[in-house]
Amino acid sequence: MDVDGNSESVRVLLMEEAGRHNLEEVMGVAPFASVYKALMPVQQGRLRELSGDGFDELLRDGSIISIAFAYPEHAVDSIAVGSEGSYDKERWNIYAREYIRLNEALNEASARIASEIGGVAIPATMTGIAAKISHVEDYYPLVVSHRVVAEQSGVGWRGKNELIVNPRFSCAIRLASVLTTLPLRRTLPTTMGCGDCHTCLDVCPYLRNKEELQNYREQCRRYLIHLGLVSDVCGKCVKACYRDSVYRDQFKL
Ligand code: SF4
Ligand code: SF4
């Protein structure tokens, strides 16, 4: 089968998986080499490990498939209802539970795609990891950044909140990836960007001050542990992007 036929087969698999979970999906395909080059060195090491003996072949002409599932709209609207100190945590847990559900759905989808086309699935970033590490930097060697794969494959652009912003679903998506040597049609990085928008920065002091802070992700990690929801999430910067950004009229979950 040619690259387009192969890509179509993967797309159909992903659509089937999304349908099974009643979710909407996005897919992109980046050259393995461009993702490898864009990763921080410690994550390049992790990608090498995950590639095993296939690393050289993947680097030569392999691909990384970025797959994304979008949150349902009601889950995003359940984030941070109320005000600091009196948030409706039960409602917020709707989003926290959907986070777990999306991760599980992505893990099943990436495993199925990898098994059917011959490849290696990189599951969604682990639930519960934030509380198990002592500093956010402990986390980097454990994972490969799905955001880099999503950027390189045009699933979305890197927003000012550091999340991937998809032109249709905003940053209300979760990501997983699949390494493969199956010839696939590559999809290009998007030329879209945040422009003058700063809505997500307005809702989060850590994001707003990220240039001054040593690593704003550490403050974020501590904040979401402090929230104590059923999974380690916050999502205020996700809701701000979806509901109030300059793109709010074009986003649709
Ligand atoms: S998840 Fe919450 S604490 Fe973390 S960057 Fe977004 S708004 Fe800030
Ligand atoms: S809220 Fe605005 S600045 Fe922040 S990620 Fe979304 S589009 Fe970009």
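**Two ligands and their surroundings**

The structure holds zero disulfides, a disulfide being a pair of cysteine sulfur atoms within 2.5 Å. This is a predicted model, in which local features need pLDDT of at least 70 and side-chain atom pairs count only at pLDDT 80 or more, while totals for chains, interfaces and linings use all residues. Residues are numbered from 1 along each chain as its sequence is written, and ligands are numbered from 1 in the order in which they are written.

Let's start at ligand 1. Around it you will find Cys 204, Tyr 206, Leu 207, Cys 220, Tyr 223, Cys 234, Gly 235, Lys 236 and Cys 237, each with a heavy atom within 4 Å. Helix H10 (205–208), helix H11 (216–227) and helix H12 (236–244) each give two or more residues to this shell; helices here are DSSP runs of H or I with at least four residues, numbered from the N terminus. Of the cysteines in the shell, Cys 220 is partly exposed at 31% relative accessible area, whereas Cys 237 is buried at 18%. Buried means under 20%, exposed over 50%, and partly exposed in between, with a 1.4 Å probe and protein chains only.

Now move on to ligand 2. Its shell includes Cys 194, Cys 197, Cys 200 and Cys 241, along with Lys 160 and Tyr 247. By class, this shell has six nonpolar, four polar and one charged residues; Ala, Val, Leu, Ile, Met, Phe, Trp, Tyr, Cys and Pro count as nonpolar, Asp, Glu, Lys and Arg as charged, and the others, Gly among them, as polar.

Finally, have a look at Arg 11 in helix H1 (residues 3–20). Arg 11 is partly exposed, with a relative accessible area of 32%. Arg 11 and Val 26 lie 15 residues apart in sequence and 8.9 Å apart in space, C-alpha to C-alpha.

Terms used:
Side-chain values use heavy atoms; hydrogens and water are left out.
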